[in-house]
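User: I have a model open and want to learn how to read it. Please take me through it feature by feature.

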Amino acid sequence: MIYEIRTYGDPCLSDVNQLVNIDDNIKQLLDDMLETMYKTNGVGLAAPQIGINKQLFVIDIGEGPRKVINPEIIEMSEDHNDSDEGCLSVPGIYKKVRRANKIKVKYLDENGSTVEEEMEGFLAKAFQHENDHLNGVLFVDRISPLSRRMISKKLQLLKKARLKNKK
Ligand SMILES: [Zn+2]
């Protein structure tokens with residue numbers, strides 16, 4: 001099943017996300033999220049982006065799918081990089097975001113096993129972006145005040161477009 005992507009201004013994107021108990025519905029949801037992500041050419045998709053306020057996301061940076069449940073970032077490197085990011089929920093906007101180069105993470109896979117992984121580069125960046133969604137944070141909340149001012153009009157238009165679509 002393909003879900004509709006919630007966009008900037010949707011309250012789901014900033015709501016609190018609940019911890020997940022894994023069952024068949026959750027497994028189905030993860031498969032549907034992957035299907036939705038591939039359909040929309042995303043590299044990651046978090047549950048609040050489809051209006052489901054639960055702690056889970058999917059990622060595929062071209063190395064195969066990862067299903068991530070109840071994640072925690074347990075270590076972040078001091079060294080970081082600034083590179084362009086975009087988001088399915090903030091269409092048409094790309095801005096530089098500062099992210100840690102390396103992170104250590106812990107999460108559950110769909111079988112309920114605890115996974116501990118170290119990741120770096122693009123994968124680490126994507127993981128931090130998706131994890132932010134679970135804390136109600138969008139990449140445009142992390143950009144410089146100057147960049148934020150530069151896109152404020154576009155963000156207002158996205159908000160308006162969302163309300164129009166809802167009618
Ligand atoms: Zn995003």
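**Reading helix H2 and its chain**

Analyst: Start with burial in H2: Leu-123, Ala-124, Lys-125, Ala-126, Phe-127, Gln-128, His-129, Glu-130, Asn-131, Asp-132, His-133 and Leu-134 are buried. Buried means under 20% relative accessible area, exposed over 50%, and partly exposed in between (1.4 Å probe, protein chains only). The model is predicted: local features need pLDDT of at least 70, side-chain atom pairs count only at pLDDT 80 or more, and totals for chains, interfaces and linings use all residues. Residues are numbered from 1 along each chain as its sequence is written, and side-chain values use heavy atoms, with hydrogens and water left out.

User: How many of the 14 residues of H2 are buried?

Analyst: The count is 12 of 14, so H2 is mostly covered.

User: What follows H2?

Analyst: Gly-136 does, and its phi is positive, near 75°.

User: How many helices and strands does the protein chain have?

Analyst: Helices (H or I, at least four residues) and strands (E, at least two) are DSSP runs, numbered from the N terminus. Here there are three helices and seven strands. Along the sequence they read α-β-β-β-β-β-β-β-α-α.

User: What radius of gyration does the protein chain have, against that of a compact globule?

Analyst: The radius is taken over C-alpha atoms, and the globule rule is 2.2 Å times the number of residues to the power 0.38. With 167 residues, the rule gives a value near 15 Å; the chain has 16 Å, which agrees. Its C-alpha trace spans about 45 × 40 × 30 Å along the principal axes. Of the 167 residues, 46% count as buried.

User: Buried or exposed: which is Ser-147?

Analyst: Ser-147 counts as buried because its relative accessibility is 16%. This residue is in helix H3 (residues 145-166). Its C-alpha atom is 36 Å from that of Met-1, 146 residues away along the chain.

User: Buried or exposed: which is Glu-78?

Analyst: Glu-78 is exposed, with a relative accessible area of 78%. Look for Glu-78 in the loop between strand S3 (66-76) and strand S4 (80-85).
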